[in-house]
Amino acid sequence: SLPQEVKWLDMLSNWDKWMVKRHKKVRLRCQKGIPPSLRGRAWLYLSGGKVKREQNRGKFEELDSQAGDPKELDVIEKDLHRQFPFHEMFVSRGGHGQQDLFRVLKAYTLYRPEEGYCQAQAPIAAVLLMHMPAEDAFWGLVQICEKYLPGYYSAGLEAIQLDGEILYALTRRVSPLVYRHLEKHKMEPILYMTEWFMCAFSRTLPWASVLRVWDMFLCDGVKIIFRVGLVLLKCMLGTREKLKACQGQYETMELLRAIEPRYMQEGFLVREVLEVPVSERDVEREHHVQLKRWRKNRGELHCKSPPRMHGARAIMASEPPSRQDLRQNPTIIVESPLPPPQPTPQLKKGEKSKEEKSKKKGSMKKAPTVMEIPNPYPLAGDPQRDPQLPLRDPQLPLRDPQLPLRDPQLPLRDPVPTLRNSTVQQPLVNDTPLPNTPEDSPPPHQPTLNDQSLLTVSPLQKSTQSLSSIEADQDTYL
């Protein structure tokens, strides 16, 4: 989901800080499952393959260009079509999936010629190739073979036999009933656990369970592989009813080869694995005990493998990476047509940039003067206007000469004005005669446009007369 992807992107961007300070949170998120879109990148960071690749740039191309041992290459070619034959990457002979698988396995035989090629490496490399490019898959395979499962793919398979004895001893503590049954029928661990451990359950479990197991395995190390083996043994042989159907070694082997699907279901398996009380310290303690017993009965190991690293944190602590090694490279590079931005010059202490200086200069500029427009109708108390200044700009025309003075379709005036919001049109003239006024008396004097008295009256006198006439009308109405 999107929130999980955002969290994982944040972790991958600050991987060293998360691994040092918040490793428990990283482990918890691996137990919940890595988002599919980021699983390949996360696996490369968890295994230390990212750092290994950065520290050995060009190494894979160099190995890929070499011919390789013909005997090793012949065995590799025979195994290509056996790895996940129904997966779209490996379904066609000579397809890009099989070609990349061949390149990765051939490069490993050249990288570790003393170890050579082991058939169990092919499914490990195929799972990695399903999530990352060939070069990344190669370095992931190197880390699994050298850090997580050292000595598993060497001649003699001594390391896997030693881990089989460790699993046998842990079974005695986790499930005594299963241990007694295996001991009774002399079931050597190498008979049933070789493919489990050497292929990291990639050829045993359903695909969804394989991915969840690998998420935890690359985070916490080989103890997850031991826990998964213990869960399967306990589920298949952990009750007396089931043991009654296994009366011999053959029946027990057939039962362990055909594990019931319900026990391999993703949710059930992960829950059971997290509840198994086996820690790194338990694995190391049993390793020392079994190694001492091996030396006593069989002598020294012929193939001395490097010490095993229990998970991503131990790998990072053994080889501390630099920030450059952990830097994420873009998957897709798009060239922009725009020129690259110019680097901003570093200013000395107290020095100001050109933009700040221009801003200050601009703020100090005087505002443009606003021309004051005189009032064409001054009051008595207003200051006198300079008669030399024009009332308006003489360059502007009085009006647009193309526009008519008025709409010719409209009448000059309404011959009978009416009151607003009135349904009946009534004249505005009051026909009621004034009191104490004879009907035959002549009408009061009405001023005309030719009356010279109006031409000599000031505006203040006009307003006074209009107010007095309004008051007289109101008295008359009352």
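Arg 262 forms a salt bridge with Glu 260, with the closest N and O atoms 2.7 Å apart. A salt bridge here is a side-chain nitrogen of Lys or Arg within 4 Å of a carboxyl oxygen of Asp or Glu. Arg 262 counts as exposed at 52% relative accessibility. Glu 260 counts as partly exposed at 28%. (Buried means under 20% relative accessible area, exposed over 50%, partly exposed in between, with a 1.4 Å probe and protein chains only.)

This is a predicted model: local features need pLDDT of at least 70, side-chain atom pairs count only at pLDDT 80 or more, and totals for chains, interfaces and linings use all residues. Residues are numbered from 1 along each chain as its sequence is written, and side-chain values use heavy atoms, leaving out hydrogens and water.

## A buried pair

The structure holds 22 salt bridges. One of them joins Asp 163 to Arg 308, the closest N and O atoms being 2.6 Å apart. Asp 163 lies in helix α11 (residues 158-174), and Arg 308 in the loop between α20 (280-298) and α21 (312-318), so the pair ties together parts 145 residues apart in sequence. Helices are DSSP runs (H or I, at least four residues), numbered from the N terminus. Both Asp 163 and Arg 308 are buried.

## A pair within one helix

Glu 254 forms a salt bridge with Arg 257; their closest N and O atoms are 3.4 Å apart. Both sit in helix α17 (residues 249-257), 3 residues apart, which means about one helical turn separates them. Glu 254 is partly exposed, at 33% relative accessible area. Arg 257 is exposed, at 61%.

Conventions: Helices (H or I, at least four residues) and strands (E, at least two) are DSSP runs, numbered from the N terminus.
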